[in-house]
Amino acid sequence: MLESSAWIFFLSAVLATYVWRFAAVMISHRIQANHPIFEWFTCLAYGIIAALVARTLIIPTGLLALLPLWHRLIAMALAFLGFYVLGKRLWVGIVFGETGFIVLLWFNGVDGIGL
Amino acid sequence: MKELETNQKAVMAGISNAFGLPALILFSAMTGFGSFAQEQGLSLYMSLLSTIMIWGLPGQVVHVELYGMGAPLIAVVLGVAGVNARFMPMTLSMMPVFDDSPHNRRWNYFLAHMISINTWTEMLNRGLEIRADRRMAYFLGFSFTCMTAGIIGVLQGYLLFESMPQMVSLCFVFLVPIYFGLIMSNTVHPPYLLAFVLGCVLGPPMHLLTPEWGLVLTGLITGTLAYLLRHRLQVLLKKKEINA
């Protein structure tokens with residue numbers, strides 16, 4: 001009983017995701033490729049993903065929630081700084097962000113986090 | 001991008017371009033998911049299937065979270081649909097990339113399943129540089145590599161959860177917002193950048209207002225605003241160039 005209800009929940013989650021992809025393909029088959037709707041939808045996608053990133057950073061769940069907000073924000077700011085000041089190289093941004101993150105963790109040691 | 005004469009070469013190019021940061025990000029993100037799923041008591045089998053069949057991290061997390069809380073089925077459906085609704089605009093905006101490809105259009109229903117933020121930005125930025133008839137092969141090579149990295153991530157997150165120092169898990173988890181923040185902000189098209197900036201500002205308060213539909217509403221408001229302002233942005237940028 002418990003086992004089968006787990007599968008029902010899982011398959012519902014699968015369908016609740018795929019239905020969006022399916023609908024999009026169906027719509028795309030009915031409009032021309034240069035239609036302005038595609039640009040609008042790309043804007044929507046950017047807005048949604050931005051909200052997702054900001055949410056993970058500002059209102060996280062799980063482990064990240066154990067750290068203070070300023071800690072996460074400073075590390076993120078460092079990542080942007082490294083990326084945009086030093087020639088837009090992804091790995092530079094990531095190294096900056098993660099290094100800042102680790103240094104802050106090291107010196108601020110948060111309750112409940114084993115190093 | 002070099003000329004890709006055969007589909008095989010295109011697949012290999014996709015694999016080798018994914019092998020690196022894109023695969024590492026999926027690996028890290030899915031490590032976090034594996035640990036979380038283990039914590040919440042999801043079976044390993046279902047955790048792996050979740051990555052393969054849902055292939056959208058926020059929805060996977062919401063599914064595990066709500067199921068673990070014992071929420072009703074309708075809450076799980078709406079919650080997952082809400083956080084994964086981005087696949088609709090993402091899929092729609094990516095489909096024109098495959099328009100001149102000779103494949104049977106039915107394949108699009110499968111290609112759409114392989115879309116993630118990673119594979120989507122890759123195809124939007126680099127897809128048009130690839131010969132139209134090789135794009136599908138390139139995309140499949142790229143996205144299967146990402147998915148494989150994700151599956152390995154779930155495995156290691158699930159199995160090593162208890163023995164991994166929290167410091168390491170934290171660094172993995174934090175890699176995800178850094179990576180997506182950087183690649184999404186790095187766009188040359190002004191309306192996309194505006195949508196991104198506004199989305200960052202509006203996202204958190206909207207989430208507090210309505211956790212289920214906050215993402216979708218934010219996207220609708222900021223994306224539409226950016227789209228409507230796109231001509232004005234262009235004029236503004238031109239003025240700046242003249243002044244400079």
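1. A residue is called buried if 20 or more other C-beta atoms lie within 10 Å of its own, exposed if 12 or fewer do, and partly exposed in between, with C-beta atoms placed from the backbone. By this criterion Ala16(A) is buried, because 24 other C-beta atoms lie within 10 Å. Ala16(A) belongs to helix α1 of chain A; helices (H or I, at least four residues) and strands (E, at least two) are DSSP runs, numbered from the N terminus.

2. This is a predicted model, in which local features need pLDDT of at least 70, side-chain atom pairs count only at pLDDT 80 or more, and totals for chains, interfaces and linings use all residues. Residues are numbered from 1 along each chain as its sequence is written, while chains are lettered from A and ligands numbered from 1 in the order in which they are written.

3. On confidence, the model scores ipTM 0.87 and pTM 0.85. The pLDDT is the predictor's confidence in each residue, from 0 to 100. Its average is 88 in chain A, where 93% of the residues score at least 70. In chain B the average is 90, and 99% of the residues score at least 70. Among the elements of chain A, the highest mean pLDDT is that of α3(A), at 95, and the lowest is that of α2(A), at 90.

4. Chain A is built from four helices and zero strands. Its radius of gyration is 20 Å, whereas a compact globule of 115 residues would have one near 13 Å; the radius is taken over C-alpha atoms, and the globule rule is 2.2 Å times the number of residues to the power 0.38. The C-alpha trace of chain A spans about 55 × 50 × 20 Å along its principal axes. Of the 115 residues in chain A, 37% are buried.

5. The domain assignment divides chain A into domain 1 (1-30), domain 2 (34-60) and domain 3 (63-115); such bounds come from an automatic or database domain assignment. Between the C-alpha centres of domain 1 of chain A and domain 3 of chain A there are 36 Å. Two residues are in contact if their C-beta atoms, placed from the backbone, lie within 7 Å. Among contacts in chain A between residues at least 6 apart in sequence, 31% join residues at least 24 apart.

6. Chain B comprises 13 helices and zero strands. Its radius of gyration of 19 Å is close to the 18 Å that the globule rule gives for 244 residues, so chain B is as compact as a globular protein of that length. Along the principal axes, the C-alpha trace of chain B spans about 60 × 50 × 35 Å. Buried residues account for 54% of the 244 residues of chain B. Among contacts in chain B between residues at least 6 apart in sequence, 79% join residues at least 24 apart.

7. In chain B the assignment gives domain 1 (7-176) and domain 2 (187-244). Their C-alpha centres lie 25 Å apart. Six residues of domain 1 of chain B are in contact with five residues of domain 2 of chain B.

8. The contact between the chains takes 62 residues from chain A and 76 residues from chain B. On the side of chain A that touches chain B, the elements giving two or more residues are α1 (2-28), α2 (37-58), α3 (69-85) and α4 (90-108) of chain A. The most is given by α2(A), with 21 residues. This side of chain A divides into 46 nonpolar, eleven polar and five charged residues; Ala, Val, Leu, Ile, Met, Phe, Trp, Tyr, Cys and Pro count as nonpolar, Asp, Glu, Lys and Arg as charged, and the others, Gly among them, as polar.

9. Leaving aside its neighbours within four places in sequence, Ala16(A) is in contact with Val77(B), Val80(B), Ala81(B) and Asn84(B). Within chain A, the C-alpha atoms of Ala16(A) and Pro36(A) are separated by 27 Å, and the two are 20 residues apart along the chain.

10. Helix α8 (residues 117-126) of chain B is largely enclosed by the rest of the structure, because seven of its ten residues are buried. Among them are Trp120(B), Glu122(B) and Met123(B). The buried residues of α8(B) pack against α2 of chain A, and also against α2 (21-39), α6 (87-94), α9 (135-160) and α10 (166-185) of chain B.
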